[in-house]
Amino acid sequence: MNPTGAPHTMDTIRPPFATLSSWRRIATVGVLFFALVAALAAYDVVRSHRETVDQTGRELSAGAVVIAEQAARSLQTIDIVLHHVATDYRAGWIAAQSASGVHAYLANQAVGLEQVNRIVLLDAAGNEWASSGAGDPGAAALRNWADPVFETLRDQPDAGLLVGATRRIAGNGELWVFPIARRLETSTGRFAGVILAQGRVDYYQRFYRDVHPVDGTKISLVHQNGTLLAREPAADASLGRRFPLVEQLIAASRTGNREPLRLTSPLDGVARFGALASVTGYPLFVGVTRDVNQVFKPWREQAIGSALRTIALALLAAALLAVLRRQF
């Protein structure tokens, strides 16, 4: 009843228009505020994702360049020794020595070359003549595994230094090596054989392990033809194998695109970001990769935290709007 004794009508209990208008404006402002907060949170997540990718690309590229420089220095040291031996052979000094004399000479040349298992001298028929190995064990472990390198140097006088495919040394357990070789010639320029160093895969693996111990990071030394020479963590079953994907990555790296490469590894099927760097002066590349899941782990944690904060803010805003609605 109203003060006059007349019953209430719908008009008398309906909220004033001004009150409804005020409530609608407050609700609209609240919704817009929440939408702005959600948009900023989404933008921050996207920006953080982009920064994570960019930072990963920079780290992988820098690591690949440093490791490729180490590989170049390592090979240069070996090349200097092999070139010196080839020069001595052309001068006729080595051919005039006895087998024991040549063995002692090669052993002296190998001093300090931790990255080399043996230095081996092959004659023009591909048979091992002498080596720097203890006891000069003979040709049984080497005669066949260097055939492609031997044939190329025999048939191409201007081949220079060659690097061959990785394989396990017979009778040496788990020792994996790859050939680094130069052509030998007589004083008249006739082919006389090959001087060859067995590069130790475990030497490069130890260095890679020490220089880049980040979880989920893989480092590979590959030939430009796609052959895997060394890898850390070790993947013995894949050493010496050729992977067409590597050739594709090398071609992609030469385009000058600074974006980190994203690929699925042919070895284990894991998605990774990667960067390649050429080994200056040699037909080799160093690849540094990192698991995509490992890269995005901190970003996912940050994104989840941001989402939870946004949801909590939305619930708080909804509660405040509900209280205001009751007041109106």
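## Contacts, salt bridges and rings in a predicted chain

Reader: What share of the contacts in the protein chain with a separation of 6 or more comes from residues 24 or more positions apart?
Author: Residues 24 or more positions apart account for 58% of those contacts in the protein chain, where contact means heavy atoms within 4.5 Å. This is a predicted model, in which local features need pLDDT of at least 70 and side-chain atom pairs count only at pLDDT 80 or more, while totals for chains, interfaces and linings use all residues. Residues are numbered from 1 along each chain as its sequence is written, and side-chain values use heavy atoms, with hydrogens and water left out.

Reader: OK, and how many helices and strands does the protein chain have?
Author: The protein chain has seven helices and eleven strands; helices (H or I, at least four residues) and strands (E, at least two) are DSSP runs, numbered from the N terminus.

Reader: What percentage of the residues count as buried?
Author: Of the 328 residues of the protein chain, 43% count as buried, where buried means under 20% relative accessible area, exposed over 50%, and partly exposed in between, with a 1.4 Å probe and protein chains only.

Reader: Switching to charges, how many salt bridges does a search of the whole structure find?
Author: The search finds 15 salt bridges, each being a side-chain nitrogen of Lys or Arg within 4 Å of a carboxyl oxygen of Asp or Glu. One of them joins the side chains of Arg290 and Glu59, at 2.9 Å from N to O. That pair links distant parts of the chain, with Arg290 in strand S11 (residues 284–291) and Glu59 in helix H2, 231 residues apart.

Reader: Is Arg290 buried or exposed?
Author: Arg290 counts as buried because its relative accessibility is 8%, whereas Glu59, at 34%, counts as partly exposed.

Reader: Which residue does Asp79 form a salt bridge with?
Author: Asp79 forms a salt bridge with Arg182, and the closest N and O atoms are 2.7 Å apart. This pair too links distant parts of the chain, since Asp79 is in helix H2 and Arg182 in strand S5 (residues 176–185), 103 residues apart. Asp79 is buried, with a relative accessible area of 14%, and Arg182 is buried as well, at 18%.

Reader: And where do Glu69 and Arg73 lie?
Author: Both lie in helix H2, four residues apart, which is about one turn of the helix. Glu69 forms a salt bridge with Arg73, with 2.5 Å between the closest N and O atoms. Glu69 is partly exposed, with a relative accessible area of 32%, and Arg73 is partly exposed at 46%.

Reader: What does Thr52 have contact with, leaving aside neighbours within four places in sequence?
Author: Thr52, which is found in helix H2 (residues 17–90), is then in contact with Val295, Phe296 and Trp299. Its relative accessibility is 16%, so Thr52 counts as buried.

Reader: New topic, the rings: how many aromatic pairs are there?
Author: The count comes to six aromatic pairs, where rings of Phe, Tyr and Trp (its six-membered ring) pair if their centres lie within 6.5 Å, and planes under 30 degrees apart count as stacked, over 60 as edge-to-face and the rest as tilted. Among them, Tyr203 and Tyr204 form an edge-to-face pair, with 5.1 Å centre to centre and 90 degrees between the planes. Phe178, Tyr203 and Tyr204 form one aromatic cluster, and Tyr204 is buried, with a relative accessible area of 1%.

Reader: Why is the pair of Phe207 and Tyr208 edge-to-face?
Author: The planes of Phe207 and Tyr208 are at 65 degrees, with the ring centres 6.2 Å apart, so the pair is edge-to-face. Phe207 counts as partly exposed at 26% relative accessibility, while Tyr208 is buried at 0%.

Reader: Last one, the strands: how do S7 and S8 pair?
Author: Strand S7 (residues 217–223) and S8 pair in the antiparallel sense over four bridges; two strands pair if DSSP finds at least two bridges between them. Leu221 stands opposite Ala230 in S8, and in the hairpin, which has four residues between the strands, Gly226 takes a positive phi near 95 degrees. Strand S8 (residues 228–232) is mostly covered, with five of its five residues buried.

Reader: What is the peptide bond from Glu232 to Pro233 like?
Author: That peptide bond is cis, with omega near 0 degrees, and Pro233 lies in the loop between S8 and helix H6 (244–253).
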